[in-house]
Amino acid sequence: MPDQNLTELEPPPVAWSDRYRRYALGLLMLIYALNMLDRQIITILAEPMKAELNLADWQIGAVSGLAFALFYSAVGLPMARFADRGDRVRLIAISLAVWSAFTAVCGLARTFPQLILARIGVGIGEAGCTPAAHSLITEFTPRAKLASALAFYSLGIPLGSLLGLAVGGLLVDAMGWRAAFIIAGLPGIGVAVIASLTLREPRRQRPKPERASGQTTSLAAALAELKQKPAFWLIALAAALTSFSYYGQSAFFGSVFLRNHGPVLTQLGEDMGLGPAGLAGLALGLAIGVSAGAGTLIGGKLADRAARQGVSGYAKQPMVVLLASTPFLGFTPFAPNFPLALAALAVGVFLHAMAYGPTFASVQVLASPRVRATASAILFFLTSLIGLGLGPLAVGVTSDLLRASLGPVQSLNLACAGASITMVASVVCFGFAARRMGGEAPAEPVSVSSDA
């Protein structure tokens, strides 16, 4: 079937001023950064938590991923249905306040079950953020710049990871892991108030009949629509497999570097007035934050350029960059020295991040306006349950199983490297999706009126 050309699609009407668009996109990106900070800070706090609470690697994997992902996935779809019909701004603000409060509560946990319950609270709160944000961004962004806008929003991933690793590492050295959780959670409360007061919900600007009609799509109807788009399900599966690999590895980045290069980090940290966790967090935060930020922005720009010749360009780019990232991420745990390990990680993360914008844009152009948040929630349901939920747990369990024969260092190295194999299956799914997208025309944007 012929590929749908983006230049042939009617772009969304200019509903808001450029100044407001930039502000809204920037604030949503900041919220996503707080989302990722509160989700990923546990990575650099894993070793001191493990020591104080006497946790095994599988328990670290469960706290890092499964406890969060199960409830994130379970409530994500109902929240997305609300986002497709209700006030997305209010949903985002309330969700931000909830997950920020539970992040602080993590610092009060005295046992493994208490920590699990607090992480469940973080997962429930964060489930209301990204599907609603994706839906908002798609509504006020010209179609030809969609991947770039979603890539800019996705800068929250590297920025939040940078802050979580760097600030978390410094705080754990200075004040302990409990204080790190509490301090990380507090800023989100203030940002939630700002978001509720300054972000605009486009649905409030529509005539009442149009607003009412936008609330009639049932979950069954939404799923029936998406069922007719095999490319969507291929992309969702590809993203889930990618997440299994990357989340499985990234949950143990701090542990991998501390176990493999602990003496070097201790010596360098003493020279700089830092502890090993502080230096590891700072180094990993900068390496991941800068490389992923650059990859995210460049990937979004290149994807929009590729999609001018047809929307299948959105799926072709992840296929290439994820395959290229696999050997670098697989080599990182086995690098013979700290600088080489950090360099391999930075290159792998840069290439991996180039897939964010086009993956999210693929979903948004395949879904009609009434089911965009639902489509995004299904994507994140699969990536969270399979990727974030099972990835860290699988790596942790594998590490524990190999520990008796290989020791704590090599068992974790092999478990992390093995997780990268699923990236190849993801590449295959993106390839099949690219072939199907040409025949599944993107939905037309919703018309939104405003006096802004």
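Start by selecting helix α2 (residues 42-53) and helix α8 (residues 156-175): they pack at an angle of about 30°, with their axes 8 Å apart. Here, helices are DSSP runs of H or I with at least four residues, strands are runs of E with at least two, and both are numbered from the N terminus. Each axis is a line fitted to C-alpha atoms, for helices over the stretch in contact, and angles run from 0 to 180 degrees between N-to-C directions. The angle makes α2 roughly parallel to α8 (angles under 35 degrees count as roughly parallel, over 145 as roughly antiparallel, 65 to 115 as roughly perpendicular and the rest as oblique).

Now show the side chains where the two helices meet. From α2, pick T43, I44, L45 and P48; from α8, pick G164, L165, G168, G169 and V172. Contact means heavy atoms within 4.5 Å. By class, this contact has five nonpolar, four polar and no charged residues. Ala, Val, Leu, Ile, Met, Phe, Trp, Tyr, Cys and Pro count as nonpolar, Asp, Glu, Lys and Arg as charged, and the others, Gly among them, as polar.

A word about what you are viewing: this is a predicted model, where local features need pLDDT of at least 70, side-chain atom pairs count only at pLDDT 80 or more, and totals for chains, interfaces and linings use all residues. Residues are numbered from 1 along each chain as its sequence is written, and side-chain values use heavy atoms, leaving out hydrogens and water.

Zoom out to the whole chain. You will find 20 helices and zero strands. Of the 452 residues, 62% are buried (under 20% relative accessible area, with exposed over 50% and partly exposed in between, using a 1.4 Å probe and protein chains only).

Next, select C129, in the loop between α5 (112-126) and α6. Is C129 buried or exposed? At 1% relative accessibility, C129 counts as buried. Leaving aside residues up to four places away in sequence, C129 touches I31, N35, I92, S95, W99 and Y153.

Move on to helix α6 (residues 130-140). Here 11 of the 11 residues are buried, so α6 is largely enclosed by the rest of the structure. Among them are H134, E139 and F140.

For a last stop, select C429, which is buried with a relative accessible area of 11%. A search of the whole structure finds zero disulfides (pairs of cysteine sulfur atoms within 2.5 Å).
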